[in-house]
Amino acid sequence: MWPAVGVPEGAIVVPHGVVVWVAMILWLVSLLLAWPVPVWFSRAGWPMRAPVIALLLWQGVGLAGGFSMIGALALTGLAVAPAHPWIALIPAAAFAVYLLAHLGVTIVQVTQQRRRHLALLDLLTAPHPTRARTRVLDDEVPVAYCLPRGVGSVTVLSQGLLDRLDSDELVAVIAHERGHVEQRHDLLQLAFRAWRSALPWFPIARLADAEVAALVEMLADDHARREVRDEVLARAILQVGAHGPGAEAAASGSTRASDRFKRLSR
Amino acid sequence: MANTLGELERAVMDAVWDATEPVTAYDVRDQFETAGRSLAATTLLTVFSRLEKKGFVSSDRSVRPYRYSAVAPREHHVAELMHEVLGGSSDRTAVLERFVGSVSAADAATLQQLLRTEDSRG
């Protein structure tokens, strides 16, 4: 033990070697979580059978990745400049602030866009004659979507969609959208969108965002499958997806996006 | 209450879009009156000021009463809305949750296969 100069009585002094080791381990963890783990995970076949677990795992990977990186930066700083802890912690603090700022900016942007979209809906769509918080857009293109806003969520159905779907298929579409709203998928996607905009050069951020987007569609489908048979949902998806604009040119999406359709057939 | 205000904004905006030249709150009041809907001009002025704040109408304040006109035609706003709904599925901004985007030929085949299997089962 070396004499602890300037360290208050009773303070726990962590040996320098331990700091260096833990910093290296955290770098290794954050490196694994930034690249091989998400790549392996996105290629796995099981998430289509267990989307809830897959979503939890992605949240775990995202949070652990962020914290391990912040921790690695902090300990590296302390290993390099043990005499000046405040200066040593600047890189870690800056990175944490950077991530939080991206989350904040994303939240503000999405909120503003939703407000603008809602103002447009007020002027351009009529309330559905029987369904609460549902509006009808007078357009031939068959579209259905919801604008998640906590308590004030709105579901929008186009006239083209209402003309094309039978009543069972419409139940499937509405149950799917209600699934998104009730399970607050928007919050989950918001976090991963912010993560992606903060770290565009990390495979984890891009992969996680795409995977989460596909997985929440599966959960919303499962919500619909409680009310209608699989083939009704399949018919609704075909009616909407195969007759919309650009359907002919639609490229095959990611494997996970295709999984959404495959899982209906088993 | 908020809903009724939204409906009122839509009715006023429809009147502005249908008119061939700028309208005043009194024009709209008279038009509504003919259609059997009685509203005070002050109520309509409140609606106009809300619409102006949201950027849907602009006012000519050189004459009284103020004349309001649409900032953009209805079709322009419909296009804006549809662009946000249909636009760039790869970089959606988490603003809205669509039921399904465009289904690729391979995915459509997967779904049709499912429907055929169900048919043959009866």
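Buried here means under 20% relative accessible area. The close-up views below show a predicted model.

View 1. B:E7 and B:R10 form a salt bridge, with their closest N and O atoms 2.8 Å apart. The two residues both belong to helix α1 (residues 2–18) of chain B and are three residues apart, about one turn of the helix. B:R10 has a relative accessibility of 18% and therefore counts as buried. B:E7 is likewise buried, with a relative accessible area of 18%.

View 2. The side chains of B:E80 and A:R116 meet in a salt bridge at 3.0 Å, N to O. Because B:E80 lies in helix α4 (residues 74–86) of chain B and A:R116 in helix α5 (residues 90–124) of chain A, the pair joins two chains. B:E80 is partly exposed, at 28% relative accessibility, and A:R116 is partly exposed at 29%.

**View 3. A buried salt bridge in chain A.** A:R260 and A:D221 meet through their side chains in a salt bridge of 2.7 Å, N to O. A:R260 is part of helix α11 (residues 255–262) and A:D221 is part of helix α9 (residues 203–225), both of chain A, so the pair ties together parts that are 39 residues apart in sequence. Both A:R260 and A:D221 are buried.

**View 4. A hairpin in chain B.** Strands β1 (residues 57–60) and β2 (residues 67–70) of chain B pair in the antiparallel sense over four bridges. Six residues form the hairpin that joins β1(B) to β2(B). Within this pairing, B:S58 stands opposite B:S69 in β2(B).

How values were computed
Residues numbered from 1 in each chain as written. Chains lettered and ligands numbered in written order. Predicted model: local features only at pLDDT ≥ 70, side-chain atom pairs only at ≥ 80, totals over all residues. Heavy atoms only, no water. Pairing = 2+ DSSP bridges. Salt bridge = Lys/Arg side-chain N within 4 Å of Asp/Glu carboxyl O. Buried < 20%, exposed > 50% of the residue type's maximum accessible area, 1.4 Å probe, protein only.
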